[in-house]
Amino acid sequence: MPIASSLSKSSIAIAAAVLITSGAATAQTAPDTENGRYALSPAGDGFLRLDTRTGAVSTCTNSSAGWACYMVPDERAALDAEIGRLQADNDKLKGELAARAPPAKTDEALPKSDSLKKAEPKVAEGERKIEIPLPSDRDMDRVMSFVERAWRRLIEMANRVQRDVNGGKI
């Protein structure tokens, strides 16, 4: 077992060395502009700075006092506030609508007959007949003359279109 114990001691030593060197590397923290926290883009006389962790945007300009960055007004917060207000209004209106709606089930008995339906005249059983009046000959003549006139107009229209296409010749 001397080989196994020497391997485990050497692997422990390597692991300790790695931990020590990584600890020293993290102890020296890099500035926030490194490691991709801020993204800079040229804009006008200065830069736009985006904080990739928070999403905040700032404008950075060089003045006589040096570089200064100022937060850009965040419309997202205003939009979120408006969305929240609209959702609250929507919930309130849904509640009011639910309060106005009639209950789904009532304990009252429904009426036996429809009160809106017109009462039919009472007729004796032997007199029940359904009569459908047929059109008279005069009504049939009027319908036939109408259909005939419509057909003639359709044929005349087709002839005019054909003459226009052929340049006046049939």
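In what order do the elements of the protein run from the N terminus on? The order is α-β-β-β-β-α-α.

**View 1. Overview of the predicted model.** This is a predicted model, in which local features need pLDDT of at least 70, side-chain atom pairs count only at pLDDT 80 or more, and totals for chains, interfaces and linings use all residues. Residues are numbered from 1 along each chain as its sequence is written, and side-chain values use heavy atoms, with hydrogens and water left out. Of the 170 residues in the protein, 4% are buried. Buried means under 20% relative accessible area, exposed means over 50%, and partly exposed lies in between (1.4 Å probe, protein chains only). The protein exposes about 16,200 Å², and carbon and sulfur atoms supply 60% of that area. Accessible areas come from the Shrake-Rupley method with a 1.4 Å probe; for residues, only the protein chains shown count as cover. Among contacts between residues at least 6 apart in sequence, 0% join residues at least 24 apart, where contact means heavy atoms within 4.5 Å.

**View 2. The four-stranded sheet.** Four strands form an open sheet in the order β1-β2-β3-β4, with antiparallel pairing. Its edge strands are β1 (38–43) and β4 (66–71), each of which pairs on one side only. Neighbouring strands of this sheet are turned by 30 degrees against each other on average, direction ignored. For such angles, axes are lines fitted to C-alpha atoms, for helices over the stretch in contact, and angles run from 0 to 180 degrees between N-to-C directions. Two strands count as paired if DSSP finds at least two bridges between them. Strands of a sheet pair through backbone hydrogen bonds, either parallel or antiparallel.

**View 3. The hairpin of β1 and β2.** Strands β1 and β2 pair in the antiparallel sense over six bridges. A39 stands opposite L50 in β2. Two residues lie between the strands of this hairpin, and G44 takes a positive phi near 60 degrees there.

View 4. Strand β2 (residues 46–51) runs antiparallel to strand β3 (residues 57–63), and four bridges join them. Across this pair, R49 stands opposite S58 in β3, and F47 stands opposite C60 in β3. Five residues separate the two strands of the hairpin, and G55 in the turn has a positive phi of about 85 degrees.

**View 5. The hairpin of β3 and β4.** Six bridges join β3 to β4, and the two strands run antiparallel. The hairpin connects β3 to β4 through two residues. S58 stands opposite M71 in β4, while N62 stands opposite W67 in β4. β4 is hardly covered, as the count of buried residues among its six residues is zero.

**View 6. Surroundings of S58.** Leaving aside residues up to four places away in sequence, S58 touches F47, L48, R49, C69, Y70, M71 and V72.

**View 7. The disulfide of C60 and C69.** A search of the whole structure finds one disulfide, a term for a pair of cysteine sulfur atoms within 2.5 Å. The disulfide joins C60 to C69, with an S to S distance of 2.0 Å. The torsion about the S-S bond is about 110 degrees, so the disulfide is right-handed. C60 counts as buried at 5% relative accessibility, whereas C69 is partly exposed, with a relative accessible area of 36%.

**View 8. Helix α3 and the residue after it.** Helix α3 (residues 137–166) has 30 residues and should span 44 Å at 1.5 Å a residue; its end C-alpha atoms are 43 Å apart, which agrees. The expected span of a helix is 1.5 Å times one less than its number of residues. Just after α3, G167 takes a positive phi of about 80 degrees.
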